[in-house]
Amino acid sequence: MLVLVTGATGKVGRVLLDQLLADPRWPDLRIRALCHNRTLSARDRLESVRGSIADREAVEQAMAGVTHVIHMATVKEDPLSAMDVSVKGMFWMLESYRQSPTARQFMLIGGDCVVGHIINSYDSPITENSPRKPYPGVYALSKVLEEVMLEQYYVQYGINGCCLRAPWIMEKDDFRHVLDFDQQFGGPDWDQLLTSAQRTEYATTSKVPILLDSAGATLKRNFIHVTDLVNAMLAALDDPASRQNLFNIAMNQPVDYGAVAEHLKQTRNLTSVTIETPFHSNWLDNAKARQLLGWHPRYDMARLVDDAFNYQRAPDDPRMIWYIG
C-alpha cells in the first residue's frame, strides 16, 4: 500500500501518520505526504513531496503508484484559496485517481459545516441522508462541493471512495479553551454575545459558559476527539463496507453545555454563567459508522472535559487548526 495524504501536517494528519505507520495490519504500508505550506521530518516509510493540489502536474506526480488517497487539505474563509483547493484541487485529484492503474480507495475528510452545525436547524438527528444546509460562507460551500464532486465520480466512473464527515475536532486542551472567556479557541465569538465588561468579569472569575440555544434550552453541539476520528479513518481504510459511503464521525451524543458546567462544578468547583445565543442544538448521528465500520468513539463528554482540563500545554506546543496542512 502507498497512501497519499494531503493535509498531513495538520492536527489530524500528524496523528494519522503515527497511527498508520504503527498499525500491525499494514507493516509494509508507505505514506507519501503532499505538503504545500509546511514540511515533515524524514521518517522510515514516509516521504514528503512539495506542491499544491491546485497544480495538475504536482498532483499527477504525487499520485504516481498510489493505492489509497486520504484527502484532508482544505482552507477556511479565503475565497480564492478555497476554490483552488476544494474545487480545482479536488478535481485534479479525482481525475488522476480515476485514471490510475494502482488506485484502490479515495477517502475524503469532510465537515459538519455542510449541514450547518449549530447555525441551521434540524427537526431530527442529522443522518447521512439529511439535506445539506451549509451556513453562509465559502468554507462551508467548498466542503459541500467536495462531497458532491466525490459522489458524482461514483456515478460517472464507479470509483471506490468514501467520505468521513467530522464536526469540530478536539485534542489536548482545546476544549478547555473553547470555554475560556480570555484565551478563547474557536467560537462562538464572545464579543458577539457579550459586552467587553461581561467578558472581563467572566474571565477573571473563571466562569464556565452555559450556552442556551434558540429555544432556551442548553445548547448541544457536536465534537470529536482527534484520536476517535483517526480510528474511524483506519476502520474505513480498505474496508469494503466503506465503498461509496458517507459516514458521520461524531461522539455518541452531542456535548451539552449544561452538562459540561455541572461536571466542572462537581469535579473542579467551577461556577457557571448562562448566555443566550441564536444557535440551534443538533445531533450528528454516528449510527451508520458504528454499524457498518464497527467503529465506536472512546470519548464521551466527561473524558473530553477531563482530558482538556488536565492537559498542560508547553510553550513550544502550539494549538493547531485541523484544516491547515
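A crossing is right-handed if the near helix is turned clockwise from the far one by less than a right angle. Keep that in mind for the helix pairs on this tour. The model is predicted.

**Stop 1: α9 and α11**

Select helix α9, residues 257-268, together with α11. Their axes lie 10 Å apart, and the helices pack at an angle of about 55°. That makes α9 oblique to α11. Look at the handedness next: α9 passes α11 in a right-handed crossing.

Now show side chains. From α9, pick A259, V260, H263, L264 and R268. They meet M301, A302, V305, D306, F309 and N310 of α11. By class, this contact of α9 with α11 has seven nonpolar, two polar and two charged residues.

**Stop 2**

Select N269. This residue sits in the loop between α9 and β13 (272-276). Is N269 buried or exposed? N269 counts as exposed, at 65% relative accessibility. Check its backbone too. N269 has a positive phi of about 60°, although it is not a glycine. Most residues other than glycine have a negative phi.

**Stop 3**

Select G294. Its place is in the loop between α10 (287-293) and α11 (301-310). At 51% relative accessibility, G294 counts as exposed.

**Stop 4**

Switch to a cartoon view and find the open sheet of seven strands. Follow the order β3-β2-β1-β4-β5-β6-β11; the pairing is parallel. Which strands are at the edges? They are β3 (46-50) and β11 (245-248), and each pairs on one side only. From one strand to the next, the twist averages 20°.

Zoom in on β5 and β6. Strand β5 covers residues 105-111, and strand β6 covers residues 161-166. They pair in the parallel sense over six bridges. For a landmark, select F106, which stands opposite G161 in β6.

Move to β1 and β2. This pair is also parallel, with five bridges. Select L2: its bridge partner in β2 is R30. Then colour β2 by accessibility. The strand is mostly covered, with five of its six residues buried.

**Stop 5: helices on the sheet**

Select helix α2, residues 56-63. α2 packs on the sheet and touches β1 (2-6), β2 (30-35), β3 and β4 (68-71). The direction of α2 makes about 170° with that of β2.

**Stop 6: α2 against α3**

Keep both helices selected. α2 and α3 pack at an angle of about 40°, with axes 9 Å apart. That makes α2 oblique to α3. α2 passes α3 in a right-handed crossing.

Which residues make the contact? On α2 they are R56, V59, E60 and M63; on α3 they are W92, M93, S96 and Y97. The residues of this contact of α2 with α3 divide into five nonpolar, one polar and two charged.

**Stop 7: α3 against α4**

Show helix α3 (residues 79-98) with helix α4 (residues 138-157). Their axes come within 10 Å and cross at roughly 15°. α3 and α4 are therefore roughly parallel to each other. Here too, α3 passes α4 in a right-handed crossing.

Show the contact residues. In α3, select P79, A82, M83, S86, V87, M90, F91, L94, E95 and R98. In α4, select V138, S142, L145, E146, M149, L150, Y153 and Y157. By class, the residues in the contact of α3 with α4 divide into 13 nonpolar, two polar and three charged.

**Stop 8: two backbone details**

Select G187 and P188. The peptide bond from G187 to P188 is cis, with omega near 10°. Most peptide bonds are trans. P188 is in the loop between α5 (174-178) and α6 (190-193).

Finish at S206, in the loop between α7 (196-204) and β8 (208-212). S206 has a positive phi of about 55°, although it is not a glycine. With a relative accessible area of 43%, S206 is partly exposed.

Note on methods. Residues are numbered from 1 along each chain as its sequence is written. This is a predicted model: local features need pLDDT of at least 70, side-chain atom pairs count only at pLDDT 80 or more; totals for chains, interfaces and linings use all residues. Side-chain values use heavy atoms; hydrogens and water are left out. Axes are lines fitted to C-alpha atoms, for helices over the stretch in contact, and angles run from 0 to 180 degrees between N-to-C directions. Helices (H or I, at least four residues) and strands (E, at least two) are DSSP runs, numbered from the N terminus. Angles under 35 degrees count as roughly parallel, over 145 as roughly antiparallel, 65 to 115 as roughly perpendicular and the rest as oblique. Contact means heavy atoms within 4.5 Å. Ala, Val, Leu, Ile, Met, Phe, Trp, Tyr, Cys and Pro count as nonpolar, Asp, Glu, Lys and Arg as charged, and the others, Gly among them, as polar. Two strands pair if DSSP finds at least two bridges between them. Buried means under 20% relative accessible area, exposed over 50%, partly exposed in between (1.4 Å probe, protein chains only).
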